[in-house]
Amino acid sequence: MKNKTFLATLTLSASLFLAACGSAASDSSSSDVTSAEATEPVKVTLGVVGEVNEPWDYVIEELKEKENIEVELVKFTDYTTPNNALAEGEIDLSSFQTEIFMDNYNKDHGTELTTIGYTVMAPLGLYSEKITDISELKDGDTIAIPNDVSNEGRALILLQTAGLITLDPEAGLVPTTEDVVENKLNLQFQTLESNQTARALQDVTASVINSGMAVDAGFIPSEDAVFLEPVTADSKPYYNVIAALAEDVDNETFQTIVAYYQSEGTAKVIEEASKGSQFPVWDEAK
């Protein structure tokens, strides 16, 4: 009888010990899972246009190291697709366009893409493989310009600033070729997708090319443009923006990304990478 009691006691003790070990193991496993979850980075997708993105490369490293935010660049080759992707929720943010371009996109598509931060002013330029100065343009020469509403207007205003044409002032910031009221050289305008004007250089006398497209084509805007858009107090519509969906304007992660972009470190990278062709504008935009 004593042996049976002893064996029963031993069995109960062993069961309690194993149960305690199992509980400890379970607690440890649960703790490991919680710890792993706590170290998982916050992932954000950001749409950009073009292959050269040194400022964002710098910001991405800073965010990963200091905030555990992992930003993936999704690269596009045109100016419409990334807005479509943002509007449809395929990416979280975008950083490639001027505010006026975004406003016109919203108007045309019934969307509510919204500025959550300003980045740079990237001057539009007139480029050529045939001339080195606008004084060399001849009667009847052809100039390629972007064909979307905001960039076509901006290109024509650039040509007016260069003294080549005069526009109807009633057209405001979005003139078309129909608003050219004076054209002493009888210049011809070939309207193309923004990502095609650089490729057209062999076929036209000159092309108006957006800064990012010019860089991808191998140009340094501050050095290679025949005529470069001046930066003035009237340039704000052409400030580039970081855009999000309207409901994400106050997203803390997105605001952190904006804050890291709008830093002295990023400003230095912009200056060095663009060779003085782009200018931080977040202070001016406030």
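Because the model is predicted, local features need pLDDT of at least 70 and side-chain atom pairs count only at pLDDT 80 or more, whereas totals for chains, interfaces and linings use all residues. Residues are numbered from 1 along each chain as its sequence is written, and side-chain values use heavy atoms, with hydrogens and water left out.

The protein has 9 helices and 13 strands, where helices (H or I, at least four residues) and strands (E, at least two) are DSSP runs numbered from the N terminus. Of its 286 residues, 43% are buried; buried here means under 20% relative accessible area, exposed means over 50%, and partly exposed lies in between, with a 1.4 Å probe and protein chains only. Among contacts with a separation of 6 or more, 74% come from residues 24 or more positions apart, a contact being heavy atoms within 4.5 Å. The protein exposes about 15000 Å², of which carbon and sulfur atoms supply 49%; accessible areas come from the Shrake-Rupley method with a 1.4 Å probe, and for residues only the protein chains shown count as cover.

Turning to the sheets, strands of a sheet pair through backbone hydrogen bonds, either parallel or antiparallel, and two strands are taken to pair if DSSP finds at least two bridges between them. An open sheet of 6 strands has the order β2-β1-β3-β12-β4-β13, with mixed pairing. Its edge strands are β2 (69-76) and β13 (279-280), each of which pairs on one side only. Within this sheet order, strand β3 (residues 93-98) and strand β12 (residues 239-245) pair in the antiparallel sense over 4 bridges, and glutamine 97 has valine 241 in β12 as its bridge partner.

Strand β10 (residues 206-209) can be followed residue by residue: Ala206 and Val208 point one way, Ser207 and Ile209 point the other way, and all are buried. Strand β5 (residues 125-127) pairs with β10 in the antiparallel sense over 3 bridges, with leucine 126 opposite valine 208. Strand β6 (residues 142-146) runs parallel to β10 and is joined to it by 2 bridges, with alanine 144 opposite serine 207.

The structure holds 6 aromatic pairs, for which rings of Phe, Tyr and Trp (its six-membered ring) must have centres within 6.5 Å, planes under 30 degrees apart counting as stacked, over 60 as edge-to-face and the rest as tilted. The rings of tryptophan 56 and tyrosine 261 have centres 4.8 Å apart and planes at 45°, so this pair is tilted. Tryptophan 56 lies in helix α2 (residues 54-67) and tyrosine 261 in helix α8 (residues 252-261), so the pair ties together parts that are 205 residues apart in sequence. Both tryptophan 56 and tyrosine 261 are buried. Tyrosine 127 and phenylalanine 219 form another tilted pair, 4.8 Å centre to centre with 35° between the planes, and this pair links tyrosine 127 in strand β5 to phenylalanine 219 in the loop between α6 (211-216) and α7 (221-224), 92 residues apart. Tyrosine 127 is buried, with a relative accessible area of 0%, and phenylalanine 219 also counts as buried, at 18%.

Lysine 75 is partly exposed at 41% relative accessible area, whereas glutamate 51 counts as exposed at 55%. Glutamate 62 and lysine 66 meet in a salt bridge (2.7 Å, N to O), and because they are 4 residues apart in helix α2, they are separated by about one helical turn. Glutamate 62 is buried at 17%, while lysine 66 is partly exposed at 49%.

On the surface, Val149, Leu173 and Val174 form a nonpolar patch with about 210 Å² of accessible area together. Patches are made of residues with over 30% relative accessible area and no salt bridge, like charges being joined within 9 Å and nonpolar side chains (Val, Leu, Ile, Met, Phe, Trp, Tyr) within 5 Å. Valine 149 is placed in helix α5 (residues 149-161) and counts as partly exposed at 40% relative accessibility.

Terms used. Salt bridge = Lys/Arg side-chain N within 4 Å of Asp/Glu carboxyl O.
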